[in-house]
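Reader: Could you walk me through this structure, starting from the overall layout and then going into the details?

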Amino acid sequence: MSVAHDWRLGPYTVDDLDDPVRFPPDEGTYEMRDGWVLMSPWHGLDHEIIIENAKAALRSAAAQAGLKARVITPRIATPDGTRNSRIPDIAVVDAAALAVDMRAGRKYLTGGVLIVVEVVSPDRAAEDHIAK
């Protein structure tokens, strides 16, 4: 007897999230918890403005401190393995660690995260406060 695995159901790894057929990027953002996909719709313009203002302030502070870091919105593979990933609104990332992940061809960070910032959405407050 054989069992067919339905690829749409999971569980998944972080690398699976790069498949645009299963996870269309224009529908929202995809994160993972224990191999299961969590889809969030795109946030509103007010949320985006807060993010952009915070990024500008963090970039300025990093430059003034002489910190070799990038301020980005990356997918992050959490330390508990490739079955968990989060996309914070902002991450301040060590430039050298980012370069390592980029050279390895990864589309997500595996380390070097110095600070993460999450702008709490009213409809996702519990998830934003607890999981992120």
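Predicted model: local features only at pLDDT ≥ 70, side-chain atom pairs only at ≥ 80, totals over all residues.

Reader: How many helices and strands does the chain come to, and in what order do they run?

Author: The chain has 3 helices and 7 strands, where helices (H or I, at least four residues) and strands (E, at least two) are DSSP runs numbered from the N terminus. Starting at the N terminus, the order is β-β-α-β-β-β-β-α-β-α.

Reader: And what percentage of the residues is buried?

Author: Of the 132 residues in the chain, 31% are buried; buried means under 20% relative accessible area, exposed over 50%, and partly exposed in between, with a 1.4 Å probe and protein chains only.

Reader: Which residues make up the largest nonpolar core?

Author: That core has 8 residues, namely Tyr 12, Val 14, Leu 17, Phe 23, Tyr 30, Met 32, Ala 77 and Tyr 108. A nonpolar core here is a set of buried Ala, Val, Leu, Ile, Met, Phe, Trp, Tyr and Cys residues joined through side-chain atoms within 4.5 Å. There is also a second, separate core of 6 residues, among them Ala 69, Ile 90, Val 92 and Val 119.

Reader: Why is the pair of Tyr 12 and Phe 23 called edge-to-face?

Author: Their ring centres are 5.2 Å apart and the planes stand at 85°, so the pair is edge-to-face. The rule is that rings of Phe, Tyr and Trp (its six-membered ring) pair if their centres lie within 6.5 Å, with planes under 30 degrees apart counted as stacked, over 60 as edge-to-face and the rest as tilted. Both residues lie in the segment before strand 1 (29–33), 11 residues apart. Tyr 12 is buried at 3% relative accessibility, and Phe 23 is buried at 7%. Together with Tyr 30, these two residues form one aromatic cluster.

Reader: Moving on to the largest pocket, what is its volume, and which residues lie nearest its centre?

Author: The volume is about 630 Å³, and of the 32 lining residues, Gly 28, Thr 29, Tyr 30, Trp 42 and Ile 87 lie nearest the centre. On a 1 Å grid over the protein atoms alone, a pocket is an open set of points where a 1.4 Å probe fits, with protein on both sides within 12 Å along at least five of seven lines, and lining residues have an atom within 4 Å of a point. The volume is the space filled by probe spheres set on the points, which are joined across faces, edges and corners.

Reader: Which element supplies the largest share of that lining?

Author: Helix 1 does, with 5 residues.

Reader: What about Thr 73, where is it found and what is it in contact with?

Author: Thr 73 is in the loop between strand 3 (69–72) and strand 4 (76–77), and at 40% relative accessibility it counts as partly exposed. Leaving aside neighbours within four places in sequence, Thr 73 is in contact (heavy atoms within 4.5 Å) with Lys 55, Ile 87, Pro 88, Asp 89 and Ile 90.

Definitions and conventions: Residues numbered from 1 in each chain as written. Heavy atoms only, no water.
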